[in-house]
Amino acid sequence: MIFAYIGISVLWIFLFCYIIIASIDFGAGFFTLHAKITKQDKKINHLIARYLNPVWEVTNVFFVFFFVGMVGFFPDAAKYFGTVLLLPASIALILLSIRGGFYAFENYGPDTKLPWLAMYGIAGLLIPAALATTLTISEGGYITGTENHLDLNWLELLLSPYSWSVVFLAIISVLYISSGFLTFYASKAKDKPAYNLLRYWFLIWGAPMIAVSLFVFLSLRLQNEGHFLNAVTNYWWMFLLSFICFVGAMLLTLMKKGHGFAFILVILQMGFAFFGYGASKLPYILYPYIRIDEGVVNSSMAIALIIVFILGLLLLIPSLILLLRLFVFDKKYVEGKK
């Protein structure tokens, strides 16, 4: 059983990396659209483009690793999630294709058209909303039918306060994480107009994110009381640390100091909350159908997968850091001098 816990921990790290990197990407797309509509694009769009150009192609690699690993470690997950999430997953793939199409037009086309930019920006918010459906369904209560014929109770899902709270949390978290990073990036670029606008957005999205997070936590009690009680009894300290990191990031931003450290606090804030949620959810992956100690593959396969995915982490994370150092955080590049 230890291999199952190691495996899910490695996969959770992949998913967390994807959430942080993709949130910056998705939020940047929406801010680009917002700035274009409000005639503020000259303030920030050049800064956002400098970040996205070298990074956007590697964003989905972490998600691919997580998806393949989930199916590899827990084969039953493919049967259950593959059946009930066919529609949400298809929507997410279509939206990802739209964003990929925008990059092609942006890089090789003569001009960026507003309709394409609108689809690009809105898709960046709808993708995390669609993918968040997975976490909602995993709490149980939405799957009907027998083992041979599974179905998703769409009416229950659409009327569930927990479901909508998770959707709103996914969207607001994207805007919060992205504005936090871009504030740091603008300060590093010494771009005063972009910095003032992005700092304002970061401060604006902080309070709604905490409010929606609290609502998600409270509505979880109605959806899955066992998970809620485990979280508040055994993992309350992780959520407390998450809130402390949030306060620290807000204070540093208000004082206009240490934006790099503020964004590290944002990552820690999301990390404590995300891993606290994941740990308190165990042993269930999909309540009540898939348990981590029953649905894992045999030991030999699990060991092989763990080795491969740890090597993948050791390759991907240093590669991403190198990419950021060579391009995104290069002094001349960040200041637009090359």
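The crossing of helices H6 and H8 is right-handed, a term used when the near helix is turned clockwise from the far one by less than a right angle, with left-handed used for the anticlockwise case. Helices (H or I, at least four residues) and strands (E, at least two) are DSSP runs, numbered from the N terminus. This is a predicted model, in which local features need pLDDT of at least 70 and side-chain atom pairs count only at pLDDT 80 or more, while totals for chains, interfaces and linings use all residues. Residues are numbered from 1 along each chain as its sequence is written, and side-chain values use heavy atoms, with hydrogens and water left out.

The table sets out the geometry, with axes fitted as lines to C-alpha atoms over the stretch in contact and angles running from 0 to 180 degrees between N-to-C directions.

| Helix pair | Angle | Axes |
|---|---|---|
| H1 (residues 2-37) and H6 (residues 114-137) | about 150° | 8 Å apart |
| H6 and H8 (residues 161-189) | roughly 135° | within 8 Å |

The crossing of H1 and H6 is left-handed.

Contact means heavy atoms within 4.5 Å. By that criterion, residues of H6 including Gly 124, Leu 125, Pro 128 and Ala 132 meet residues of H8, among them Tyr 162, Val 166, Ala 170 and Val 174. The residues of this contact of H6 with H8 divide into twelve nonpolar, three polar and no charged, where Ala, Val, Leu, Ile, Met, Phe, Trp, Tyr, Cys and Pro count as nonpolar, Asp, Glu, Lys and Arg as charged, and the others, Gly among them, as polar.

Towards H1, the residues of H6 in contact include Leu 117, Gly 121, Gly 124, Leu 125 and Pro 128, and those of H1 include Trp 12, Asp 25, Phe 26, Phe 30 and Lys 36. The contact of H1 with H6 comprises 15 nonpolar, four polar and two charged residues.

**Leu 117**

Leu 117 lies in helix H6 and, at 3% relative accessibility, counts as buried (under 20% relative accessible area, with exposed over 50% and partly exposed in between, for a 1.4 Å probe and protein chains only).

**The whole protein**

The secondary structure comes to 14 helices and four strands, and buried residues make up 48% of the 338 residues.
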